[in-house]
Amino acid sequence: MSANITEIAFQSTQINGMNVHILPTGKFKTTTIVTMIEQALSEETVTKTALLAMVMKRASARFPETKLLRAHLDFLYGAIFDVDVTKKGERQILQIYMEVPNEKYLSQEDSLLEQAIQFVGDMLVRPHVENGSFLEKYVAQEKETLRKRVESLIDDKMKYANQRVTEEMCKGEPFSLLVQGNVKDLPAITGQELYRYFKEITASNPINMFVVGDVKPQVVEQAISKHVSLERSDVQSLDISNASKQIANEREVIDRLDVNQAKLNIGCRTNITYKDDDYPALLMYNGVLGGFPHSKLFVNVREKESLAYYAVSRLESHKGIMMIMSGIEVNKYQRAVEIIKQQMESMSQGNISEEEMSQTKATLSNQFRELLDSARGMIEFTYNGLVSGRKRQLDELLRGIETATIEDIKNVAAKVEIDTIYLLRDKKGEA
């Protein structure tokens, strides 16, 4: 089987009410299986989904104790396994990740692929329950772990500042929710309630399973049909509208904590998402502004003006948000905001050099081509297309980047609006 992939082309089918996507390739020595369960981000379910991910990976009916489960992963030649949650726009995604060596590289002819799919099936179909409830012991332990994880966010000031600016600019929108949920919701969640919720989302929420490796699609399909026998008669497509708002005036929010280095985060609405025609131009806009070490923010805010320890911009392309993030000395706050705004104005005016254009195109193209060397990257790229409703081909996106002009970037700049300027600073000095 050829190892030279030039396009990301999964073979898709439906099995047991799930969307199954298989990419046969001889490029990797392992087989990667990723299952995504989609849920609408909401106050009611965000904490339950996060807790469920943690409880699911503790045990299954076949391996009722965590140590037995881990021992089986070792038996599968050190298989990598995890269950976690992530956020894409106003969606919360519960992900089951499994990676096993390809059996052709082992001395023994073990059916590792089928055993790995069976293990994933254990998580989805055969959890460890007693009397219609997840084991309260595991639920209690994972509640405590989740509580500590959420409460420790404040210890990572960069992540904390990013969450705070998100909360402020997206007040009243699902996107404001922390993907790990809310500590205040934990006490009310019982093992019984969590199992009821598990049955609900595995029965009716959208599920996509991806398999990448040197595999035969028919063998994969047979194993999934046998071992992941979900009963999914009433599958719902989630009604998710991307909440947005008109910006009347940019807001300033200042928090005070014991910090040595202030965090200046500026939340912007791009009014462009992954499915839009000008998404490749948005990638170029972000790349020229703050995506890379050659970008305007890095060169001007950090290097020339020495106003920041770091200065970058990042996109959330399913929500249509761009975050500008920097670490500054608090007495340079006003000047840093001024210089950042100057860089954005410079983009609006089309003051972009040919060197900035060519460097950004080359760096972005390399990033996307590197997806071909990563099973996870190819899965993520394909899933972004499914979630957004626009299945882009990789070469289509690369063409869009290559042909983007300064005029295209100016058109993007005209849509980008500053929503919230957030400063996390020390407790000293003036307000």
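How many nonpolar, polar and charged residues does the lining of the second largest pocket have? Point 4 gets to that; here is the walk-through, and keep in mind that this is a predicted model.

1. Start with the largest pocket, which comes out at a volume of about 1400 Å³. It is lined by 41 residues, and those closest to its centre are Lys87, Arg314, Leu315, Glu316 and Ser317.

2. H5 is the top contributor to the lining of the largest pocket, giving five residues. By class, the lining of the largest pocket splits into 19 nonpolar, 14 polar and eight charged residues.

3. Now the second largest pocket, with a volume of about 320 Å³. Its lining is made of 14 residues, and Val150, Leu153, Gln163, Glu167 and Leu178 are the closest to its centre. The elements giving two or more residues to this lining are H4 and H5. H5 again gives the most, this time with four residues.

4. Back to the opening question: the lining of the second largest pocket has six nonpolar, four polar and four charged residues.

5. One thing to take away is helix H5. It gives the most residues to the lining of the largest pocket, and it also gives the most to the lining of the second largest pocket.

Terms used. Residues are numbered from 1 along each chain as its sequence is written. This is a predicted model: local features need pLDDT of at least 70, side-chain atom pairs count only at pLDDT 80 or more; totals for chains, interfaces and linings use all residues. Side-chain values use heavy atoms; hydrogens and water are left out. On a 1 Å grid over the protein atoms alone, a cavity is a set of points where a 1.4 Å probe fits but cannot get out, and a pocket is an open set with protein on both sides within 12 Å along at least five of seven lines; lining residues have an atom within 4 Å of a point. Grid points are joined across faces, edges and corners, and a volume is the space filled by probe spheres set on the points. Ala, Val, Leu, Ile, Met, Phe, Trp, Tyr, Cys and Pro count as nonpolar, Asp, Glu, Lys and Arg as charged, and the others, Gly among them, as polar.
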